[in-house]
Amino acid sequence: MNTTKKDTDLTHTEQNMLSIRLSPDGFSFAVHPAEGKSITLFRHTPANAQRSMAANVKSFLTQTPELNAGYRQTNILIHTLRYTTVPLELFEDEQMETVFYQNLPMQNNEIVLCNILGNSNVVVLFSIDKLTHVFLSEHFPHARFFATVSPQLEYLTMLSKQKGERETYANLHAGNMEVFCFEHGKLQLSNTYPVNNNEDRSYYLLNLWKQLGYDVEQDELYLTGLSKEERNGLIGFLRQFIRKIFIINPRTGTSDAPESITENIPFDIQSLLICE
């Protein structure tokens with residue numbers, strides 16, 4: 001799937017930004033001007049489940065002409081369950097791997113990276129396959145690497161501070177669900193749950209509601225991701241227990257494109273553009 005507002009001139013990309021999103025189920029990229037938040041090109045390519053992440057990435061880089069142009073800045077977002085958050089005031093560079101593996105099981109052939117988030121006042125530690133990191137770093141020597149939860153945390157923190165209440169935000173994917181809980185603009189919880197159906201999504205969300213002591217009448221739940229039909233099925237069930245449920249989609253300046261297209265641009269890419 002791809003969408004363009006106009007033909008993309010690959011000979012004049014120096015003032016454009018490139019944002020790449022890598023996920024086990026496929027790779028996406030968006031081209032957008034350095035100034036402004038409109039997306040001029042978005043494309044998604046399914047991954048080959050029979051090949052490693054590194055092999056998929058190598059093929060993706062080789063076979064996608066848009067990734068071989070020169071850009072002002074390249075952002076690479078890694079959609080992974082292997083991340084953890086640390087309060088900024090407790091973060092120390094030299095303890096990065098130690099803290100990461102205190103929270104997650106050790107894996108071979110991975111590198112641990114970090115995103116320092118000023119708005120959220122937290123640090124996200126995350127990992128990426130070493131060979132994948134080598135391919136990407138060689139192809140994009142000045143790229144910035146992000147966990148997909150990082151731009152979401154920054155954007156949702158800003159949003160929550162404006163509201164000043166208690167909110168839960170859930171980004172729904174085919175095989176997992178990212179959840180962020182805030183109280184008066186402060187992050188209370190950030191986690192990703194391996195789920196693939198609305199029954200499991202409902203279980204985790206309602207359990208969080210109970211654990212955090214949220215009010216079923218007053219506190220708010222915001223959803224994004226998946227198709228409208230799947231979200232509506234989830235909302236229909238959850239409304240029996242939570243009154244205030246909303247859909248969130250910042251759209252990042254793509255409102256002149258059809259909704260059926262813009263809603264397919266991942267929420268984390270949209271969040272990154274807003275927080276640039």
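The exercises below concern a predicted model of one protein chain, each with a worked solution.

Residues are numbered from 1 along each chain as its sequence is written. Because the model is predicted, local features need pLDDT of at least 70 and side-chain atom pairs count only at pLDDT 80 or more, while totals for chains, interfaces and linings use all residues, and side-chain values use heavy atoms, with hydrogens and water left out.

**Exercise 1.** Determine whether the radius of gyration of the protein chain agrees with that of a compact globule.

Solution. Begin with the rule, which is 2.2 Å times the number of residues to the power 0.38, the radius being taken over C-alpha atoms. For 276 residues this gives a value near 19 Å, and the protein chain has 19 Å, which agrees. Then turn to the extent of the C-alpha trace, which spans about 55 × 45 × 35 Å along its principal axes.

**Exercise 2.** State what share of the residues in the protein chain is buried.

Solution. Buried means under 20% relative accessible area, exposed over 50% and partly exposed in between, with a 1.4 Å probe and protein chains only.

**Exercise 3.** Describe the surroundings of cysteine 114.

Solution. Next, its relative accessibility is 27%, so cysteine 114 counts as partly exposed. Finally, leaving aside residues up to four places away in sequence, cysteine 114 touches Phe91, Met96, Val123, Val124, Leu125 and Phe126, a contact being heavy atoms within 4.5 Å.
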